[in-house]
Amino acid sequence: MRRMFGTAAVLLTAALALAGCGGGGGDNPLQTTAATPGGTASGGGTVVIGSFDFDESVLLASIYAQALEAKGVKVEEKPRIGSREVVYDQVKSGGLSVVPEYNGNLLAYVDKESTAATAEEINAALKEKLPPELEVLDSSPAEDKDTLSVTKKSAAEVATMDDLAKVSKDWVVGGPPEFKERWEQRFKDVYGIEFKEWKPTGPTTADAIKDGSIQVGNVFSTDPKMTVNELTPLEDTKNIFPAQNVTPLVHKATADDTVRTTLNGVSAKLTTDSLLEMMQKISVNKDEPATVAEEWLTSNGLG
């Protein structure tokens, strides 16, 4: 949910962020020497890689940047630019060449009426809905998506969301403050899930599952607390949570075949487990994203 960036408040924040960057000279993360439109980025232009304003996006952008540099591509990174409203427009205009995206949320941004749920459905819809300036490259198996998660002990008896429907009236669920409003009716319609109580546990959701104050909670699949607290996501057999595969979004004119091949090679090896492991190093061990990115690329023969 934290990746939807669709509320009016976020739009206002994005507008203010742009306004604040307007007169800052070198402080503006969007002031850049972009690759020449129509040219080949690895033939002399610069591939400009941006990221959203959270650690996982910064990590993924660093992976892309270092993989391309290993292929001799000139790269410039623009980290922590802001919300999707800001970043998407910059890729569309060519101010950014590449940004690591999440295919489900990207589709929700360009087509609010879409009901696509699987990665295949979502990527097919994106090819139809994206403007001609943009394209998505291969999606990775890695996903950072909503889950309903439980302890390993509970997962021995309740492994799927279908199983959850059988016990939900006796269970307390936790999540962000907006979780109930967004999902209560959908859970009921799709799975017949009706909870005993909804608690706004926010960032403490994973801890609340572990200590038993709630029985199930909304935790993102690459949240390091999934590992630390030994949680297990329930299988979403009916795809109520749309796929959120890490997928490069590129500006066509500023990315050549070297860029496409290299980033597709990254996607082929990036998994949810490896992303979760890297995020644990950043969030728990406090390692720098660029260092973690370099280690992953080297271990996968991409550095």
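**Helix packing, cores and backbone**

Modeller: The axes of α12 and helix α13 (residues 289–299) cross at roughly 145 degrees and come within 9 Å. Axes here are lines fitted to C-alpha atoms, for helices over the stretch in contact, with angles from 0 to 180 degrees between N-to-C directions. Helices (H or I, at least four residues) and strands (E, at least two) are DSSP runs, numbered from the N terminus. This is a predicted model: local features need pLDDT of at least 70, side-chain atom pairs count only at pLDDT 80 or more, and totals for chains, interfaces and linings use all residues. Residues are numbered from 1 along each chain as its sequence is written, and side-chain values use heavy atoms, with hydrogens and water left out.

Colleague: Which residues of α12 and α13 meet?

Modeller: Ser274, Met278, Lys281 and Ile282 in α12 meet Pro289, Val292, Glu295 and Trp296 in α13, where contact means heavy atoms within 4.5 Å. The residues of that contact divide into five nonpolar, one polar and two charged.

Colleague: And at what angle do α2 and α12 pack?

Modeller: About 115 degrees, with the axes of α2 and α12 11 Å apart. α2 and α12 are therefore roughly perpendicular, a label for angles of 65 to 115 degrees.

Colleague: Switching to cores, how many residues has the largest nonpolar one?

Modeller: The largest nonpolar core has 54 residues, and Ile49, Leu59, Ile63 and Leu249 have the most contacts inside it. Helix α2 (residues 55–70) gives the most to this core, with eight residues. A nonpolar core is a set of buried Ala, Val, Leu, Ile, Met, Phe, Trp, Tyr and Cys residues joined through side-chain atoms within 4.5 Å. Buried means under 20% relative accessible area, exposed over 50%, and partly exposed in between (1.4 Å probe, protein chains only).

Colleague: What about a second core?

Modeller: A separate core of 19 residues includes Ala155, Trp171, Phe187 and Ile193.

Colleague: Backbone next. What is the phi of Arg80?

Modeller: Arg80 has a positive phi of about 55 degrees, although it is not a glycine. Most residues other than glycine have a negative phi. Arg80 is in strand β2 (residues 75–82) and counts as partly exposed at 36% relative accessibility.

Colleague: Where is Asn239?

Modeller: Asn239 is in the loop between β9 (231–233) and β10 (246–251). Asn239 has a positive phi of about 55 degrees and is partly exposed, with a relative accessible area of 32%.

Key
Parallel < 35°, antiparallel > 145°, perpendicular 65-115°, else oblique. Nonpolar A, V, L, I, M, F, W, Y, C, P; charged D, E, K, R; others polar.
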